[in-house]
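Q: Hi, could we go through this structure together, step by step? I'd like to start with the ligands and then look at a few residues and strands.

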Amino acid sequence: MSFVLKRSELDQLVTVLREDGYQVYGPVVVDRAIRYRRIDSIDELAIGVRDVQGPGRYSLVERADDAIFGHTVGVTSLKDLFFPPRRAVWTAARDGDSYRFEPAAPTGARVAVIGARSCELAAMSIHDTVLLGGEYVDADYEARRKAGFIVSIDCTEPGEVCFCASMGTGPGADGGFDLAMTELRVDGGWEYVGRYGTQRGEAILERVEHRVPDQIEIGQARSAVSAAAGAMGRELTVTGLPEFLASHRQHPSWADIADRCLACGNCTQACPTCFCVSTIDTSSLDGATMTHDVRWDSCFSLDFSFMGGRPQRASIDARYRQWLTHKLSGWVEQFGSSGCVGCGRCITWCPVGIDFTAEIPRMMERIDG
Amino acid sequence: MDDQASTLIPRPFEVVAKRRETHDVTTLMVEPSDGRSCFGFEPAQMGMIGVPGVGEVPISFSNHPDTSRCLSVTIRNAGAVTAAITGTEVGGVITVRGPYGTSWPIDLVAGRDVLFVAGGLGLAPLRSAVFAVAEESAERGSVGIVYGAKTPEDMLFKGDLEIWGEYDDVDVHLTVDAPTEEWTGGVGLVTALFEEALDSVRTPLVMMCGPDLMMINAGRDLVARDIDPSDIWVTLERNMKCAVGLCGHCQLGPLFVCKDGPVLRYDRVADLLEMREV
Ligand SMILES: Cc1cc2nc3c(=O)[nH]c(=O)nc-3n(C[C@H](O)[C@H](O)[C@H](O)COP(=O)(O)OP(=O)(O)OC[C@H]3O[C@@H](n4cnc5c(N)ncnc54)[C@H](O)[C@@H]3O)c2cc1C
Ligand code: SF4
Ligand code: SF4
Ligand code: FES
């Protein structure tokens, strides 16, 4: 089952979602970068811009056309919306000599995202496994996730740092969305050739004017996506990689990379799958109420592994090794998939441009390793 | 009783008794003050123990598993959170959630000799197992307990050590780094006592807890004495913020020490422990 929307009808979709009480988010230009922001209309989206990304480099340039989704992933990801950087877990109030604990109230926010990319859906599916698949679950994430509505956009122009094709996570989405679309240039205008992912998606789209695509349009959408897969300039060879990293914790390359790495943690904050958090306990001035929050943490911080009076991973070598080996090796053992979806954010937002798709092949070639 | 989500929310527990073990270690006996019943635990399981507004930290339960006193925790004053917990007076309230993690392989004890190896505070998570094995396991063989501390004054549970030494087929071997004049036990590392301990326990099942460095040395030494690495069990310590596999802090290679551990079979972790800064 599929559908086609005109641009004006895409705007209707935003309106229908808002009528249903969703807060609609989409890619917007903020501070010269693309980020997810709340929108009331598609006019606010990052129209007519393309992102130029490279190791440690990011800029936006004007496109020759006015495509809405003519860019790739921005600095923020769905993680910011469904797994926010800081949130309360419980509060306590003094109750005589004791305390009364209350789980933090669910946000109640229903988030709809328009323009999520395939790699981001893959990252959310990884978060589902990590945060909801075990014996204990993250209740806040579960509530946000259940309430969320996802409209994904297939990528037809891969960016310079993307390598989703080699990770098997893109450029077209094959699950994890309520509605998915490909943006196509047709006769000087734009069409959004789409498919349904859920009944909820179908029910929403019923209230938006649309028509049924013909076979040619469906074929055009498909070939635009597969052309993008073929045009991807970057790749990561994943066969044997988990085993290689697990058995090379003492490779000399770790020190070489650590010479450049600042341990700033940007990579972990930008990564859509990094899930490590720390806790913050605070108390009101009169001591009557206390709050226990979690906030994103990073394995690059010294506090992260603090134990017995000192950090377990004091050197940057050890911290970089922890990050990469967890992401690409330990993760497979823990959760049954790689922790990387090939979005390239850690490459772009690394201030010194460390690019593990280049470091790993070098590391594997080094015979002294 | 507890549903899954609410076990992540702490419960208030009243301090009903307090005992000073050494100059910086205190045992607190606690009981729920929310009108609900206490929870049970398996030896070596831990709880997240805290003070609202200050924080919570992982601590092993140190009491006899069948005690009527609910739970006890034996805590070294190591920093802000442990200071707030151990500073709570009798009648005051701390928070507890748990129990979490794996436990000692008590079910493997039948028909086996057992060697307990503890360094410093490592006797706390072993205490409940020693009770369970030495007192209660009818099918066990001989038991050896090797315990090392910095000084005689740093030895925990001295009363228990005396009682355990009086059980049939239980030998207690003690050592300190820095002896006093009255000290009659050994001097040096726990490994120095293995020879005499292994005289009375044959191809034992080993349960060991102490600082990483102690366990690395003791593990190597035991393996060199022909003990099968798969017969050695260790309990590990790592930074923990959640204790349930959600915060990422406790990782050791591919393991989450909070849920895959804290008790792990030595052959699964020996390489990772030996390596620097993993
Ligand atoms: C499974 C397990 C069982 C433990 N059992 C006991 C026990 O029975 N008795 C006991 O006294 N101690 C035990 N510990 C160690 C205890 O958790 C730390 O001493 C305590 O966390 C120190 O916290 P602090 O805030 O007082 O100290 P600080 O040094 O001020 O801590 C700073 C931060 O680092 C973290 N941290 C510091 N040291 C440790 C550590 N060793 N382990 C985990 N996180 C740490 C704390 O969470 C805190 O946020 C155990 C640890 C683990 C992992
Ligand atoms: S590791 Fe880098 S490329 Fe992979 S998902 Fe995270 S940010 Fe994207
Ligand atoms: S790899 Fe780059 S982004 Fe990550 S911590 Fe190091 S310097 Fe920062
Ligand atoms: S302590 Fe949080 S994941 Fe283990």
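Q: Which residues are closest to ligand 2, and how many surround it?
A: Ligand 2 is surrounded by 13 residues, and the closest of them are Cys271(A), Cys340(A), Cys343(A), Gly344(A) and Cys346(A). Please keep in mind throughout that this is a predicted model.

Q: Which helices supply at least two residues each of that shell around ligand 2?
A: In chain A, α11 (316-335) and α12 (345-348) each supply at least two residues of the shell around ligand 2.

Q: And how do the residues of the shell around ligand 2 divide into nonpolar, polar and charged?
A: Nine residues of the shell around ligand 2 are nonpolar, while two are polar and two are charged.

Q: OK, over to ligand 3: which residues are around it?
A: Around ligand 3 there is a run from chain A made up of Cys261(A), Leu262(A), Ala263(A), Cys264(A), Gly265(A), Asn266(A) and Cys267(A), and the list also includes Phe300(A), Tyr320(A), Cys350(A), Pro351(A) and Val352(A).

Q: How many nonpolar, polar and charged residues does the shell around ligand 3 have?
A: The shell around ligand 3 has ten nonpolar residues and two polar ones, and it has no charged residues.

Q: Changing topic, where is the place of His292(A)?
A: His292(A) belongs to strand β13 of chain A, which covers residues 289-296.

Q: Is His292(A) buried or exposed, and why?
A: His292(A) counts as buried because its relative accessible area is 3%, and the cut-off for buried is under 20%.

Q: What is His292(A) in contact with, leaving aside its neighbours within four places in sequence?
A: With those neighbours left aside, His292(A) is in contact with Ala88(A), Val89(A), Trp90(A), Thr279(A), Ile280(A) and Asp281(A), and also with Glu56(B) from chain B.

Q: How many residues apart in sequence are His292(A) and Ala88(A)?
A: They are 204 residues apart in sequence, although in space the C-alpha atoms of His292(A) and Ala88(A) are 5.8 Å apart.

Q: What about strand β8 of chain A, is it mostly covered or mostly open?
A: Strand β8 of chain A, residues 111-116, is mostly covered, with six of its six residues buried.

Q: Now chain B: how many bridges join β8(B) to β9(B)?
A: Seven bridges join strand β8 (residues 143-149) to strand β9 (residues 170-176) in chain B, and the two strands run parallel, with Val146(B) opposite His173(B). Together with helix α3 of chain B (residues 158-166), β8(B) and β9(B) make a right-handed β-α-β unit.

Q: Last one, where does Thr22(B) lie?
A: Thr22(B) lies in the loop between β1 (11-20) and β2 (25-32) of chain B, and this residue is buried, with a relative accessible area of 4%. A polar atom of the Thr22(B) side chain lies 3.2 Å from the backbone nitrogen of Val25(B). Leaving aside neighbours within four places in sequence, Thr22(B) is in contact with Glu153(B), Asp154(B), Met155(B) and Leu156(B).

Notes:
Residues are numbered from 1 along each chain as its sequence is written. Chains are lettered from A and ligands numbered from 1 in the order in which they are written. This is a predicted model: local features need pLDDT of at least 70, side-chain atom pairs count only at pLDDT 80 or more; totals for chains, interfaces and linings use all residues. Side-chain values use heavy atoms; hydrogens and water are left out. A residue is near a molecule or strand if one of its heavy atoms lies within 4 Å of it. Ala, Val, Leu, Ile, Met, Phe, Trp, Tyr, Cys and Pro count as nonpolar, Asp, Glu, Lys and Arg as charged, and the others, Gly among them, as polar. Helices (H or I, at least four residues) and strands (E, at least two) are DSSP runs, numbered from the N terminus. Buried means under 20% relative accessible area, exposed over 50%, partly exposed in between (1.4 Å probe, protein chains only). Contact means heavy atoms within 4.5 Å. Two strands pair if DSSP finds at least two bridges between them. A crossover is right-handed if, with the strands pointing away from the viewer, the path from the first strand over the helix to the second runs clockwise. A polar contact is a pair of N or O atoms within 3.5 Å; within protein, one must be able to donate a hydrogen and the other to accept it, and residues adjacent in sequence count only if both atoms are side-chain atoms.
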